[in-house]
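This briefing is intended to be read beside the sequence and the model. The points below are grouped by topic.

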Amino acid sequence: MVKDIDVVLSSRIRFARNIKDYPFASKLDETSCREIIEKVEYVLSDFKKTDFTKIDPISAQAFVEHHSVSPEFAVSTLPHALFEKADTKVMVCEEDHIRLQVIKKGFSLNEAFTEACETDDMILSKLRVAYNEELGFLTHCPTNLGSGMRASVMMFLPGLAMTGELKGIVSQLSKLGLTIRGIYGEGSEAQGYLYQISNAETMGTTEEATISRLCDILKQIIGHERNARERIKAAGIRNRDPLCRAFGVLKYACTMTSREFIELYSKARLGVAVGIIDETDLETLDELFISVMPATLSAGEKLTEAERDMKRAEVIKEKLRKE
Amino acid sequence: MLCSKCHKNEASVYFKQNINGEVREYALCSQCAAEAELGFTPLNLFGSMFAEARPKTEHKRCTLCSSTFEEIKRKGKVGCAECYSVFADELGPMIESIHRGAKHNGRAPEGYSEKRKAENELETLRKELRAAIEAEEYERAAELRDLIKRKEADHG
């Protein structure tokens, strides 16, 4: 059972590190990029390497949809590579030379942190990393100085959004030094009620303290979200009907755009989370979410938009009817 | 509509940014949009933070990456790790304002972390020593004092 998956889809820890004596990304040339990739490859010899200069743009975009790399990384023109091992993903030559991240399902920031530290320890003991006692890890952007760490969670907050309580929470979060964003950086409710919440500060406290503070705040949000959902559910058939209808359309539609999918997915997810829909589970829906995103869905094939929408409906049908 | 950055050309790229619920809308001409680098830092928000800082020597360049302070200011990003020492005076006030004057207190590479650990340990022992003296536990205080002296000598 994944912890708190009804509200938290995934947890992520990211460290930014740079190798000493090389300029930062915007000043790197091709030779230096290759040297840096080689150095990291030596340390992470048992990781799976993907050379991004050798893959096509659609495959690169699929890595973005899987949250393995950032959108900026996928389109970078200089040599850049990804190293993966289980939940640990290391982007080399992103905004910083090394962007190490661990993503885990559900509310598991502490587990993600422990795993991230294992790989970080290997990097720190074998490579000369840019560091200074006062400023901490030296990063391309001064906002990441210090720990270079971002801890973030992807939250599903339909209850708070529908009851209008989210606005109040958003304004409090920034006062508490946290940042909230919509799923791909834009904060619109149409994007499936998915929000990313992360720490904004990287200096002054230990990583453990930052995470534990974030967890305390998140636990409260989780509680509020569940209360809001109960109220929505209790309000009767008018609120339950659209959730069940959404699931019905997902199961039987013959063509579907990704925008429509996200809208229906979020309604069905809420239905499953509050126990109105019991034909599928949350993890299945979340896996489905990634598998029908445009680049992942195309899987190397050249499809027109109409073909893609038909294939999307096909994939959804297959996945949901199997359950 | 004119570009909201250069105020000269006709805007052709529109986008919305929502951070912490604060929505900003941008309308840029294609040239300014390209300069904004993929739109993920649409307008250089750091520029304003750097505004107060002025380079002491106009033509100072970083010894490793040859960045000038003007360049760092324009990009909102530092050229290399060395820039943080070369432009310490110029960058100092901005770093202080972003991080509210805090100092690093987290993980560190090997060597640094041992030194920090030793310092933290000494700090704890000193606290214990003060507590022992206040509680008039002089035997314990003497033990602690010797231990601190030994540790201080070990770490130079």
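Of the 156 residues of chain B, 22% count as buried, where buried means that 20 or more other C-beta atoms lie within 10 Å of a residue's own, exposed means 12 or fewer, and partly exposed means in between, with C-beta atoms placed from the backbone. The model is predicted: local features need pLDDT of at least 70 and side-chain atom pairs count only at pLDDT 80 or more, whereas totals for chains, interfaces and linings use all residues. Residues are numbered from 1 along each chain as its sequence is written, and chains are lettered from A and ligands numbered from 1 in the order in which they are written.

**Chain B**

- Chain B has seven helices and two strands; helices (H or I, at least four residues) and strands (E, at least two) are DSSP runs, numbered from the N terminus.
- Along the sequence, the elements of chain B follow the pattern β-β-α-α-α-α-α-α-α.
- Among contacts in chain B between residues at least 6 apart in sequence, 29% join residues at least 24 apart; two residues are in contact if their C-beta atoms, placed from the backbone, lie within 7 Å.

**Contact between chains A and B**

- Chain A contributes 41 residues to the contact and chain B contributes 31 residues.
- On the side of chain A that touches chain B, α4 (109–126), β6 (131–132), α6 (166–175) and β9 (178–182) of chain A each supply at least two residues.
- Helix α6(A) gives the most to this side, with five residues.
- By class, the side of chain A that touches chain B holds 15 nonpolar, 17 polar and nine charged residues. Here Ala, Val, Leu, Ile, Met, Phe, Trp, Tyr, Cys and Pro count as nonpolar, Asp, Glu, Lys and Arg as charged, and the others, Gly among them, as polar.
- V170(A) is placed in helix α6 of chain A. V170(A) counts as partly exposed because 19 other C-beta atoms lie within 10 Å.
- V170(A) and I197(A) are 27 residues apart in sequence, and their C-alpha atoms are 9.8 Å apart in space.

**Domains of chain A**

- Chain A is divided into domain 1 (8–228) and domain 2 (237–322); the bounds come from an automatic or database domain assignment.
- The centres of domain 1 and domain 2 of chain A, taken over C-alpha atoms, are separated by 27 Å.
- The contact between them takes 13 residues from domain 1 of chain A and 13 residues from domain 2 of chain A.
- On the domain 1 side, helix α2 (residues 57–65) of chain A gives the most, with five residues.
- That side of domain 1 has seven nonpolar, five polar and one charged residues.

**Surroundings of helix α2(A)**

- Within α2(A), the residues A60(A), Q61(A), A62(A), F63(A) and E65(A) are buried.
- The buried residues of α2(A) pack against α3 (71–74), β3 (81–85), α10 (282–291) and α11 (294–298) of chain A.
- Just after α2(A), H67(A) takes a positive phi of about 60 degrees.

**Helix pairs in chain A**

- Helix α9 (residues 258–273) of chain A packs with α10(A) at an angle of about 165 degrees, and their axes are 10 Å apart. Axes are lines fitted to C-alpha atoms, for helices over the stretch in contact, and angles run from 0 to 180 degrees between N-to-C directions.
- Helices α9(A) and α10(A) are therefore roughly antiparallel to each other; angles over 145 degrees count as roughly antiparallel, under 35 as roughly parallel, 65 to 115 as roughly perpendicular and the rest as oblique.
- Their contact is made by Y265(A), A268(A), R269(A), V272(A) and A273(A) of α9(A) together with L282(A), L285(A) and F289(A) of α10(A). These residues divide into seven nonpolar, no polar and one charged.
- The axes of α4(A) and helix α7 (residues 207–234) of chain A come within 10 Å and cross at roughly 160 degrees, which makes α4(A) roughly antiparallel to α7(A).
- In this pair, L109(A), N110(A) and F113(A) of α4(A) meet E207(A), I211(A), L214(A) and C215(A) of α7(A). The contact residues comprise five nonpolar, one polar and one charged.

**Positive phi values**

- Most residues other than glycine have a negative phi.
- D4(A), not a glycine, has a positive phi of about 55 degrees and lies in the segment before β1 (8–17) of chain A.
- A86(A), not a glycine, has a positive phi of about 50 degrees and is found in the loop between β3 and β4 (88–92) of chain A.
- A86(A) is exposed because 10 other C-beta atoms lie within 10 Å.
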